[in-house]
Amino acid sequence: MTIRIATFNTENLFQRPRALALADEEERRKTLEDFAALVALLDHPTYSSEDKQAIVEILEKYDVADSQSKTRPFLVNETRGGAKLFVVRQGGALDIVADGRAEWVGWAELIRDDIQRETVENTGRVIAEVDPDVLLTVEVEDRLTLQRFNEQVLADLMGNKRYPFNMLIDGNDSRGIDVGLFSRFPIVSLRSHLFDTTPDGRPVFSRDCPEFEIEFKDGKTLWILGNHFKSKGFGNPTDTANKRKAQAERVTQLYDAALQRSPRVVVAGDLNDSPDSAPLQSLLATNLKDAMSHSSYAGAPGTFGTGQSPKQKIDYLMFSPELWDQVQAVDVERRGIFAPHTFKSFPTVTSKETEASDHGALYADLDI
């Protein structure tokens, strides 16, 4: 039996946080950093005068208090009738009236916008073109979104070849960019690692490292460990590198444990770093084999953007030794990316705004 396994960072299916859609990379980075700073400040047990001033500056910078704003990237969600974090004084000045986390009930939340119809359809076209039997989806809103995308988009493009099984557990990221799975084979078990912590008590995974067990008709199973490591996009570079390093080390442990259950193990997803990076070395030093190192692969070295540089290799599909011996062919579907001077796009990918994703879909055929 030949099956196709793929990983694809879809950059959300129907809705995407407004901040992540900002075209200017520096503006996007700064906005997300300010949002993270606000979340951290709001969690302080006591708000010092400096805390209150910093909160006000962020709220005013992004017009958070203006509920009619069409551009504010996030809001503060306060429970109705409860104590408030802030009030708007006459003249428009903001005043933080809560003195600490326990004095009000609510949270900061990124605002999501609908993705353009053309973009949604192009994402579906990429998946239909690859036509994988098992697809790890990175950056997906929630499980019901997988279901709706399958029924409302893939059904038109793939007919009865759409997916009877899908699974996703909401992860640690409040932005709605989780790791899920489409499968034509039953998903018979799932292990989550949401609550794995570092020695200092912080979550290891920015999203999660879900372990999906897939069962074939012969009763044999395969485990897929799905990943979306910490991005380089914002935050202190040393801190983000250390985060990816801790994630790689934990996935290495999870891979070793999975091998005790089955010789068929796949580690896949967006690791947000290149193969020569120090943070990934513990994982890449295992006996896992990366699909793009297979003799059948003759494409560009990267998976992100134009893919022309090895530094653009951030998406991985890696196989345990038994599965590696069964790999027949490997490729990357890039036509959903808007890069007209590098490769032909799908007819409707006419701009950056309508591209399916800035990641290619990496896939491999296995004779199992």
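**Notebook: protein chain, overall and strand β3**

I looked up burial first: 52% of the 368 residues of the protein chain count as buried (under 20% relative accessible area, with exposed over 50% and partly exposed in between; 1.4 Å probe, protein chains only). I note that this is a predicted model, where local features need pLDDT of at least 70, side-chain atom pairs count only at pLDDT 80 or more, and totals for chains, interfaces and linings use all residues. Residues are numbered from 1 along each chain as its sequence is written, and side-chain values use heavy atoms, without hydrogens and water.

Next, the fold. I found seven helices and 18 strands in the protein chain (DSSP runs numbered from the N terminus: helices H or I, at least four residues; strands E, at least two). The radius of gyration is 22 Å, close to the 21 Å from the globule rule for 368 residues, so the chain is as compact as a globular protein of that length (taken over C-alpha atoms; the rule is 2.2 Å times the number of residues to the power 0.38). The C-alpha atoms fill a box of roughly 70 × 50 × 35 Å along the principal axes.

Then contacts (heavy atoms within 4.5 Å). Of those with a separation of 6 or more, 70% are between residues 24 or more positions apart.

Last, I turned to strand β3, residues 74-78. Four of its five residues are buried, so β3 is largely enclosed by the rest of the structure. Five bridges join β3 to strand β6, residues 106-110, and the two run antiparallel (strands pair if DSSP finds at least two bridges between them). I checked N77: its bridge partner in β6 is W107.
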